[in-house]
Amino acid sequence: MLSRTHYRLKQHHKFEQDDQKYVADLETGDVIQINDVEWEILSRYESQTHHQIVEELKEKYKLTVIFDGIQRLERLGKQGSLLRPAVEVIEQRDADQKPKLLVPFHFTREKTSLDYTMNLNRYQSLTHLAEFAELETLAFPDEEKEDVQDFDQVRVRNISSAKSDTLMSPWYAMDGYDGILLLSQFLTDDLSYYQIPNVPIVHCIEGDQRLQHVLLRTLLTVCAFQGSKDTLVVKASWMKAWLAELGVSVENVQVIPDGIDIVESIDDKALAKQHTAAIFDKSMFVEKPVVGLISGFEPNRGAAWISEFARANPHLAIFVYDAMLEKNYRHPPENVVIFSADDEETRAILPIFLQALDLVCFPAMPGTPLSVVLEAMAYGVSCLVMTKYEMPPEVAGAGVAVAAEWDNFGNFHIPMAKLSETISKWLQPSDARVQCEDFAKEVAQRYTRKNAAQALVQAFVAGGLVPTQQRTERTLFPPIFCHRYEPDKGTLRSSVYRLGTSRYDRLETTLAEVLAERHTPTEVESVFKHFRRDRPTLTDDTTYAGNGFPDSDVKTNPAGQEHQQKGETIYEA
Amino acid sequence: MLGFPKILHQLHLFEEEGVPYAADLDKARVVELSAVMTDILKLAETQTDDAIVETLSASYEEDDISEAFERFAELEREGLLFNRGEDLERSLATESKWRKLLVIIPGIDVDSFFDIETLSAGTNMALAHMITHLTKYADLHFASSRNRKITDGVYEVDIGIRDLVRLRSKIGETYYGILTLHQEREQWLFPLYRYPEFPPILVQNHAPRGHGGQAINSMLRHYAAMRDCDGFTAPSDYVRDFYADYVWDPSFFNTLPNGVDSTLFKPMDKAAAKREVAEGVGDDRIEVVPTIGYLSRVQSEKGASVYLKLAELNPHLIFLIAGPNMGRYASRKLPDNLVYVGFHPREKLPLIYNAFDVYCFMSMSGEETFGLTVLEAMACGIPPIVPNFDGVPSVVGDTGLIADAENFDQDIATFVSYPCPVDFSRKINLLLGNDEMYQELSQMARERAVLFTWDKTASRIVRIFEELHQKRKLANPNRLLNVFAPTQPSEDDEQQELKYRSIVLSMNAHYERCLMRDAVYPLRVEEGLVLSILKEHTTREAEAILAALIPDETQARTTLKRVQGLIDGTA
């Protein structure tokens, strides 16, 4: 990751002598020889952002030369010359001003890999987001081609760049955005945006059934890349619970279910059932209680489970919503129809089926589209959740839960007898069911697209308020990791030598410190856990800065010896 | 008074917010001035103290002028503003087109290198020879506190240890390399390793162990911290092999054998030599009885005690000792056949060697790596007998005899070996009892010794610097980005072991793509760790970390190589 430290120029004087360029640091008294590009960077450093500096100089110098120049100067700053680390000032944002968000459009390439509902949700989400934020995307048109036009709510910022310009979009994202909204599920290019310092990123990851096989990996990768300002948005509470179960820190994971559009309810279940029966040419929808199954199963296991479920409940008419099985499950049991919304037309009739339901069942697992469940609930359908965790808060009070098991490999298990019994019982008219149905209707109405968009914007605002972690200032003498010969044992082991204090230090402590300069605490944790070592706890600086005894003293000074032993860990243990 | 006119350093005078400053480019320092100081500086190179006072008295108070003089005196003591010593055409002399080497050996008077008589320690003597011959290949600038021409191509330059880091750009432009000597407790060298501007730094390393492991540890620290384009010299392949047990990359140790002046050290009329020594000490047994020689400081670590035992075991031979004095042995009752022949100036040494029939080298010291005297004796055609210990047998080759020695795996109070007196004794008698073998070895010893020339040593140094320059050109920035993450659980039990992974991004720090296709490549945590460490630390430091974290060393070494390959391949 990029260094996230900012620097300010100290009082200095630039001059040329004998064709050489120099800068004098008037505070430390150092005179530093600099090259042409560093000279120009210094002239701009105080008043311009890195981005502006590079944009101005890129005609004249190679990009890498400019970047290296900036890096060299900032390295000097780290060592105490010329630049001073600046304390970050959190800018107070004007409440009325819309945040300007960058929405890279890589995700549009994924259109064919994802299901229709998900693409629709994304489109709707952007449309509603445009009410609260200014949305912009980047385009890099070729010289011959015309600029890409704005589409819908998203403005296109055309970047004219020479063909030889190898700079990628993240660089341009550094300039002028309050946040970056990432929607891509494949992470192909999106991860590079995480290198940008100080811009909060909200990354939405769908529980798409088709991408289930890579979903966990995607989530874990995004978690790894996140900084303290960033938010990973998942669309259902069980996704977050899943990550927590895997031991991932979910501090920056937020659940924002997709909002739903409520169409006029026909408010006549019997009519809806008739329509459904007619459309599928199956009279069971008027003859039997209608149970919806919003499925997110792994397809092969899902097909098997659905037949088992259908056989165990022959008295039910089962409407399955499954984006994968609709095409692939050729001969489902008699009492089952499988449907999914694949285009505008099929999407338009879904509400009819949802209104025909007496109960909506769903496994609370990755792949299950919560938005379809919520939509059914919005029509006053109570729900039955097959869940591994507690009752998902999104549907709490709107139905019953049956404990289920599923694992990371798509296996799903639920005691079928218990499930069937619970369903039969629930379908009996009761006050509880009526209450739940009313509540379902009420609670689902809260999941509007507008609310979802507002929650997203809120994640950006909250991210912007989190101060970037101030790295502890590194000492002027970085630690030297080296082998150390122990004459008393005749063995060699690894240690750390500190120049300033001329003593050896604990390897783990120093390694954690060095890694923390570039990596998040979670990442550092991962490294130590991998090697099955406890990450050293740093209570305060004094625990490891210590009062160092020079190396030679350690040999003769008993106090020194004790100190040294305390400071080191013996790995053989 | 200051003694104006003075030669000024290369200065740049400027004002910032009304305050006058002088940037001293020779010292890379800025000095705050006052108005009067600025005016004095303008006159400093042409006028005397009095003239300056007179010129300026019209515009300044006398007190101000004398205060300025005091301040200048302080600055001069710090080595600022004014040239110290001779005017070497802007101190970093550029009169010659030769490659210039900066020699930094704190604590040793430069003159002593050019007056070998003043040196007694073998290390310094070797260094002096090396330096003298090096002048044939490069100009030598000794970092010191004044400017002075010592001889053609050899200068002292006013570059203090503390100036080095600040002057790095200038040093990088001016010098082809920095030659220095590994000294155990020194710290000044470490900061230099951090700057790419410096030319290659070659650290002469003479003692591989000793001082209770401290010599090794100091060397290990340098090994870890130095840049890829820096290196050590080691006096023999043995030393290089010795380090191979401690480090993963012994290529940082470049063998640099010592030499011998074979025109000075040469076979002479043996009878005459013996006669002269016999007359010198008044002992005519030397002329008639076979003689064994010892030339060193008379100290136990140099094997003096063992030598005494040899004398006791062999009453039929004369054992000669040449050294500064008899040290603690002076007060002992010495065997009758042991004769101290005194301490002799260098030009007399060939005569002393020639008075020996056999040369015994018995050092047991952990600091012995080469044995310069062995080579000198060989050059004089004296077959040596040396213990089978450290680098010495490699000097002798098959031109002398190797006696048994008990070698210790760790040094004990600087002793790392005990040469076996019985075997030494046996070998001495074997050699003296077989004239044919003696003659053959004597001739071979001379032939072998003449191969070791100081000129070769010096040219080898230049060649090592050339190699280091090549390495420097190949140094790569490490721009790859990686993050650490928990990995996806797997059904495979073995995979389950790997709970974490590292991910390398195909974008580098400048948002340029440098790997094909996907943005993310999963790596093992070990590899990611090395990638991160190599951002600010050396490969040798990563080596130390991997050695601590990965129990299997082969696996650890492969990991390091693999990541280094990736960095080299993408840079």
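Predicted model: local features only at pLDDT ≥ 70, side-chain atom pairs only at ≥ 80, totals over all residues.
Biologist: How many bridges join strand 22 to strand 23 of chain A?

Modeller: Two strands pair if DSSP finds at least two bridges between them. Here strand 22 (residues 491-498) and strand 23 of chain A are joined by 3 bridges and run antiparallel. They belong to an open sheet of 3 strands, ordered 21-22-23 in chain A. Strand 21 (480-486) and strand 23 (503-505) are its edge strands, each pairing on one side only.

Biologist: Which helix of chain B lies across this sheet's strand 21 and strand 22 of chain A?

Modeller: Angles, from 0 to 180 degrees, are taken between N-to-C directions of lines fitted to C-alpha atoms, for helices over the stretch in contact. Contact puts two C-beta atoms, placed from the backbone, within 7 Å. Helix 7 (residues 214-225) of chain B lies across those two strands, at about 155° to strand 21 of chain A. From chain A, helix 17 (residues 507-516) lies across strand 22 and strand 23, at about 50° to strand 22.

Biologist: What is the order of the open sheet of 6 strands in chain A?

Modeller: The order is 15-14-13-16-17-18, with parallel pairing. Strand 15 (336-339) and strand 18 (399-403) of chain A each have a single partner strand, so one side of each lacks a neighbour in the sheet. The twist from one strand to the next averages 20°. Inside the sheet, strand 13 (residues 290-294) and strand 16 (residues 359-363) of chain A share 3 bridges, and A:Gly292 has A:Val360 as its bridge partner. Helix 13 (residues 370-378) of chain A packs on this sheet, at about 165° to strand 16.

Biologist: How many residues has the largest nonpolar core?

Modeller: Such a core is a set of buried Ala, Val, Leu, Ile, Met, Phe, Trp, Tyr and Cys residues joined through C-beta atoms within 7 Å. Buried means 20 or more other C-beta atoms within 10 Å of the residue's own, exposed 12 or fewer, and partly exposed in between, with C-beta atoms placed from the backbone. The largest core has 315 residues, and those with the most contacts inside it include A:Val360, A:Met377 and B:Phe319. Its largest share, 8 residues, comes from helix 6 (residues 212-225) of chain A. Beyond four places in sequence, A:Met377 is in contact with residues including A:Val360, A:Cys383 and A:Ala444.

Conventions:
Residues numbered from 1 in each chain as written. Chains lettered and ligands numbered in written order. Helix = DSSP H or I, 4+ residues; strand = E, 2+ residues; numbered from the N terminus.
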